Amino acid sequence: MNPLTKLPGNTSIADYIADAVTDREEACSLLHFDFDNFKPFNDTYGFRQGDRALLLFAENLRQTFSGTDYFVGHIGGDDFFVGSVGADPEEVSRLAYEARHQFARDVESFYDREARERGSIAARGRDGKLRNYPLLTCSAAMLVIEPGRRLSDLETVLTAFAELKKRAKDEGG
């Protein structure tokens, strides 16, 4: 379990993926969520506010992906996971969209009035230069494995996720 969010952590997530992608006759949907602009938010508002944002998103995922069809986990930091075996991939995609947009609306209240009005904060990037960063949002990568098409190795799934996550970030979510 992740100590902050109390969601299943990396070992449980890896076990879920390994089981989900082998020996199944149902569609399998795997989602990887990653916050956009979390470091500048954390640097500006502090780790406590950053932890509140993580807890907000964890609760959002619990509510959005409720029921036995879904497995919700916290990879670590600002990375989260949702898996489903048997749920309609279109519905899973719709719920992911809903979760992302609900988070963007809810997390706005974590900013001061001026930042909300501007729609951004000024913070230093990893290069040390001051720049404007949009308010927190979340990108999602979704991997669907169709019935009858199974993967036998976890590394293939993780590689696909890394590529999808990069595309999601590059395409604005």
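## Basis of the description

Residues are numbered from 1 along each chain as its sequence is written, and side-chain values use heavy atoms, with hydrogens and water left out. Because the model is predicted, local features need pLDDT of at least 70 and side-chain atom pairs count only at pLDDT 80 or more, while totals for chains, interfaces and linings use all residues.

## Aromatic rings

Across the whole structure, a search finds 16 aromatic pairs, where rings of Phe, Tyr and Trp (its six-membered ring) pair if their centres lie within 6.5 Å, and planes under 30 degrees apart count as stacked, over 60 as edge-to-face and the rest as tilted. One of these pairs is formed by Phe41 and Tyr45, which are tilted at 35° between the planes and lie 5.3 Å centre to centre.

Both residues belong to helix α2 (residues 38-45), where being four residues apart separates them by about one helical turn; helices (H or I, at least four residues) and strands (E, at least two) are DSSP runs, numbered from the N terminus. Phe41 has 0% relative accessibility and counts as buried, whereas Tyr45, at 23%, counts as partly exposed (buried means under 20% relative accessible area, exposed over 50%, partly exposed in between, with a 1.4 Å probe and protein chains only). Phe41 and Tyr45 are also members of one aromatic cluster, which includes Phe33, Phe57 and Tyr111.

His32 lies in strand β1 (residues 28-36) and, at 12% relative accessibility, counts as buried. Its side chain is joined to that of Asp79 by a polar contact of 2.8 Å, meaning a pair of N or O atoms within 3.5 Å in which, within protein, one must be able to donate a hydrogen and the other to accept it, and residues adjacent in sequence count only if both atoms are side-chain atoms.

## A charge over a ring

The charged end of Arg52 sits over the ring of Phe110, 4.3 Å from the ring's centre, a description that applies if NZ of Lys or CZ of Arg is within 6 Å of the ring centre and within 35 degrees of the ring normal.
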